[in-house]
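Work through the exercises below with the sequence and the model side by side. Each task is followed by a worked solution.

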Amino acid sequence: MATPDRPGFALPLLLLAGFRTLIDDLHAELARQGHPDLRPLHGFVLQAVGPGGTTASDLGQRLGVSKQAAGKTVDRLVALGYLERGDDPADARRKLVRLTARGVDGLSRSAVVFDQLRDRWAATLGADRVAAIEDDLRRMAPADVFRLDVPGWFGG
């Protein structure tokens, strides 16, 4: 039961603050490693494009945003060198969006930095506490915990 010193609304705010701290620390480190233009939204987009590429329309569906909004973000990531557009070898009528080597590098570096950030949290809170937090969140969150439609969900 919620109490005055632990109101119900504090839980989602604390979870969001923890998320924001991790993401801000990630992007500060990515900037130091040569990716100063990557933004939190871009990580969702790069993940949604995936190793095989996708169409702008499918990307919009995965992200929960319009095709136009997805296209605008793709334009920005193409200009920054993280994505490229090309023909679909399976269907000449379709254009695919694919990761460039820079996009793959950004995702790879993100994975390493997230591991380092987790290690930092474990050093501060204790490895057992961090594992318990992860276990508890897995118990409370749906099985499809990694949903790419967060940009659309936040904006929706």
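**Exercise 1: helix α4**

The model is predicted: local features need pLDDT of at least 70, side-chain atom pairs count only at pLDDT 80 or more, and totals for chains, interfaces and linings use all residues. Residues are numbered from 1 along each chain as its sequence is written, and side-chain values use heavy atoms, with hydrogens and water left out.

Solution. Helices (H or I, at least four residues) and strands (E, at least two) are DSSP runs, numbered from the N terminus. The expected span of a helix is 1.5 Å times one less than its number of residues.

Next, sort by burial: buried means under 20% relative accessible area, exposed over 50%, partly exposed in between (1.4 Å probe, protein chains only). Just after α4, G81 has a positive phi of about 90°.

**Exercise 2: the hairpin and the loop after it**

Task: Describe how β1 and β2 pair, then state whether T100 is buried or exposed.

Solution. Two strands pair if DSSP finds at least two bridges between them. Strand β1 (residues 83-88) and strand β2 (residues 91-99) are antiparallel, with six bridges. Two residues separate β1 and β2 in the hairpin.

T100 sits in the loop between β2 and α5. At a relative accessible area of 14%, T100 is buried. For its neighbours, contact means heavy atoms within 4.5 Å. Not counting residues up to four places away in sequence, T100 touches G81, Y82, L83 and E84.

**Exercise 3: helix α5**

Task: Which residues of α5 are buried, and what do they pack against?

Solution. Helix α5 (residues 101-125) has 25 residues and reaches 36 Å from its first C-alpha to its last, close to the 36 Å expected. Its buried residues are G103, G106, S110, V113, L117 and A122, and they pack against α1 (10-32), α2 and α6 (127-140).

L125, also in α5, is partly exposed at 43% relative accessibility. L125 touches V130 and I133, not counting residues up to four places away in sequence. G126 follows α5 with a positive phi near 105°.

**Exercise 4: the largest nonpolar core**

Task: Which members of the largest nonpolar core touch the most other members?

Solution. A nonpolar core is a set of buried Ala, Val, Leu, Ile, Met, Phe, Trp, Tyr and Cys residues joined through side-chain atoms within 4.5 Å. The largest one has 20 residues, of which V45, L46, V49, L59, L77 and L83 touch the most other members. Two or more residues each come from α1, α2, α3, α4, β2 and α5. The largest share, five residues, is from α2. L59 touches V45, A48, V49, T54, A70 and V74, not counting residues up to four places away in sequence.
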